[in-house]
Amino acid sequence: MAINIERAKSHSRLHFRILASILPIIVLMVILAGAVFSLGLRTVSHYANERIQDDLERNSRELYNLCDGALQSLLMEGLAATSSEVRLRKGNTLGRMEEYARQHGLQILVYDLNHRILMQHSSLAAEKLLSSGEHGSDKPFVKLEYEGSEYYVRQTDFDPWDWHIVLARDGKLYMEFANTITQSYMALGGIILAVSVMLILYFRHVVHKPIQTIIAAIQDNGLPNYKGIYEFEFLSDVIREAKLKEQAKQIEMSYQATHDELTGLINRREFERRLTSALQDIRVQPAVHTIFYLDLDQFKIINDTCGHHAGDALLQQLTRLLKDKLRSHDVLARLGGDEFGVLLLDCPLEPALRVAESLRQTVSEFRFAWKDKMFAVGASIGVLSFSDDALSFDDILSIVDGACYIAKDKGRNRIHVYHPGDDELMERKGQMDWVARISTALEENRMVLYRQK
């Protein structure tokens, strides 16, 4: 009898300790649900602002592209000097902008440097839009209060025509968006709270009962016979989702490590890896590959005259043109500032030269328009074909780089093909070797200066 009483007391103490250990979990779950709910409500405004900014940026960009397309059309048709045609095209462009604003529920105002209104599709006062647009020219957007309503205003400029484009969106749309998010977070907070309660009950089942059974079995000198503690299959979905997110993150990081951010082409490191792979494949499967080293002529003039933004725009436009001239499995890479590499797999010298001439001609015929200026550029190209691994990776890059500089030395905008025994390339290599030797001698203080009277 005394043993049974003592065992009953022991079980009571066990119940109390297990319940006491579960209580912090209950409190933690409730706090977590409240924190998520509070954080969700605090981020509603942030999400709404991001939505407003994204919409206005997209609309501004599309309207700018609409103007730019009209300007490029004028330049390509050779009508830029015809004032009547320019006015007609500007009028058509303003009409298309008004139609765009009507379709997308925007209010729009276009004015020039003299604050002369060129087009207005808005129920708001022009003075309000003008003042708000100027204040918002360097911001994602500004808020405007008008007759008891709230509007979001953004200004973008089309410099070639000295146009200022002011866009306004009614804030009611975003208030509805914010209310939807708020309701969603309230529902999410309720779901989390309900799930927390269910998890607490489940934990009590899978933790409290197994521990109680195990301890009771040990006290009775027996073995536990319970498997509920392993019933956590619902966690597999969470683990799988986390794994997929990690894989997506790894893919994005891998892309950033192998591609040029400006042009989207592969970078120098990835180009060198693919060239090395091509050299290794030759040992197994004989083939003829050709490599180009392409350097733009007169690119520095555009950077110095118009700034790096113009240079970046030029590189992006030329990248699209060059890709269109290559096969889908050819490799185009940006190796440096204005330097590109091309690897033509399974392509002998003769057809490769036709490709090189096509690239050179494409660059030569391209005209780059920036604001009120027009520029022409050229391309100097070094070419090398290889069909075995007699040349190392460093040899190939050195040769084709040297061939490119010989093309520049001969007058630019031309192609130089390397052949074994190329005297011009050997001469340049010798000159570069002397430059390295002289630099080393200067650093090591091995140069002596003499004077002859």
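Mentor: Buried residues make up 36% of the 453 residues in the protein chain. Buried means under 20% relative accessible area, exposed means over 50%, and partly exposed lies in between (1.4 Å probe, protein chains only). This is a predicted model: local features need pLDDT of at least 70, side-chain atom pairs count only at pLDDT 80 or more, and totals for chains, interfaces and linings use all residues. Residues are numbered from 1 along each chain as its sequence is written, and side-chain values use heavy atoms, with hydrogens and water left out.

Stay with the chain for a moment. It has eleven helices and twelve strands. These are DSSP runs, numbered from the N terminus: helices are H or I with at least four residues, strands are E with at least two. Take the contacts with a separation of 6 or more: 62% of them join residues 24 or more positions apart. A contact means heavy atoms within 4.5 Å. The accessible surface is about 27700 Å², and carbon and sulfur atoms hold 55% of it. That area comes from the Shrake-Rupley method with a 1.4 Å probe; for residues, only the protein chains shown count as cover.

Now the pocket. Rolling a probe the size of a water molecule over the atoms shows where empty space is left. Here a 1 Å grid is laid over the protein atoms alone, and a pocket is an open set of points where a 1.4 Å probe fits, with protein on both sides within 12 Å along at least five of seven lines. The largest pocket has a volume of about 420 Å³. Grid points are joined across faces, edges and corners, and the volume is the space filled by probe spheres set on the points.

The lining holds 16 residues; a lining residue has an atom within 4 Å of a point. Nearest the centre lie Tyr-64, Asp-68, Ala-313, Gln-317 and Trp-370. Helix H1 (2-77), helix H8 (308-324) and strand S9 (367-370) each supply at least two lining residues. H1 gives the most, with five. By class, the lining has seven nonpolar, four polar and five charged residues. Nonpolar covers Ala, Val, Leu, Ile, Met, Phe, Trp, Tyr, Cys and Pro; charged covers Asp, Glu, Lys and Arg; the others, Gly among them, are polar.

S9 pairs antiparallel with strand S10 (residues 373-376) over four bridges. Two strands pair if DSSP finds at least two bridges between them. Trp-370, one of the residues nearest the pocket centre, has Lys-373 in S10 as its bridge partner. S9 and S10 make a hairpin with two residues between the strands, and Lys-371 takes a positive phi near 55° there.

Eight bridges join S4 (residues 149-158) to S5, and the two run antiparallel. Val-153 is the bridge partner of Ala-168 in S5. S5 (residues 163-170) is mostly covered, with seven of its eight residues buried. Strand S1 (residues 107-111) also pairs antiparallel with S5, over five bridges. There, Tyr-111 stands opposite His-164.
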